[in-house]
Amino acid sequence: MPAGHVSRVRALYRRILLLHRALPPDLKALGDQYVKDEFRRHKTVGSDEAQRFLQEWEVYAAVLWQQTNENRQNSTEKVCFGAALPEERLNDFRDEQIGQLQELMQEATKPNRRFSTTESRKPKC
């Protein structure tokens, strides 16, 4: 794997974890664990999939950065993160991705759930 690619992946990974610091504690813990699992899971994918993976996470980082800045400017309003997922995009997902998305939604919407960033969870295959 080219050194430029590795440094790009590491820089993006660090940037996302830094952006997560602006999230509420439960979302930060959930997001950190999800990012760690996904980056670990995609370590050995082919170059086309790796490129697409990086592009999607770069979009995520850009959206999170924008929402963080908007929330800072509107400090009197309720903090809001996230975006609606259009049905067209959802239809492009593989069954495995739909399952992951459903698991993530269930974790994110559990009442009074506390997440631990120290949990070590094996990726589900």
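Axes here are lines fitted to C-alpha atoms, for helices over the stretch in contact, and angles run from 0 to 180 degrees between N-to-C directions. I took helices as DSSP runs of H or I with at least four residues, numbered from the N terminus.

Before looking further I noted that this is a predicted model, in which local features need pLDDT of at least 70 and side-chain atom pairs count only at pLDDT 80 or more, while totals for chains, interfaces and linings use all residues. Residues are numbered from 1 along each chain as its sequence is written, and side-chain values use heavy atoms, with hydrogens and water left out.

**Entry 1, the α2 and α5 pair.** I looked up how helix α2 (residues 25-41) lies against helix α5 (residues 95-108), and found that their axes come within 11 Å and cross at roughly 160°. α2 is therefore roughly antiparallel to α5, a term for angles over 145 degrees. The crossing of α2 past α5 is right-handed, in that the near helix is turned clockwise from the far one by less than a right angle.

I then listed the residues in contact (heavy atoms within 4.5 Å): α2 brings Leu30, Tyr34, Glu38 and Arg41, and α5 brings Gln100, Leu104, Glu107 and Ala108. Sorted by class, this contact has four nonpolar, one polar and three charged residues.

I searched for salt bridges, meaning a side-chain nitrogen of Lys or Arg within 4 Å of a carboxyl oxygen of Asp or Glu, and the structure holds five of them. For each residue I also checked burial, where buried means under 20% relative accessible area, exposed over 50%, and partly exposed in between, with a 1.4 Å probe and protein chains only.

Glu38 is buried at 6% relative accessible area, whereas Arg41 is partly exposed at 23%.

Glu58 and Arg8 form another, with closest N and O atoms 3.0 Å apart, and this pair links distant parts of the chain, Glu58 in helix α3 (residues 47-73) and Arg8 in helix α1 (residues 3-19), 50 residues apart. Glu58 is partly exposed at 29%, and Arg8 is partly exposed at 29%.

I also found Arg89 and Glu56 meeting in a salt bridge of 3.1 Å, N to O, which joins helix α4 (residues 87-91) to helix α3 across 33 residues.

How values were computed:
Helices (H or I, at least four residues) and strands (E, at least two) are DSSP runs, numbered from the N terminus. Angles under 35 degrees count as roughly parallel, over 145 as roughly antiparallel, 65 to 115 as roughly perpendicular and the rest as oblique. Ala, Val, Leu, Ile, Met, Phe, Trp, Tyr, Cys and Pro count as nonpolar, Asp, Glu, Lys and Arg as charged, and the others, Gly among them, as polar.
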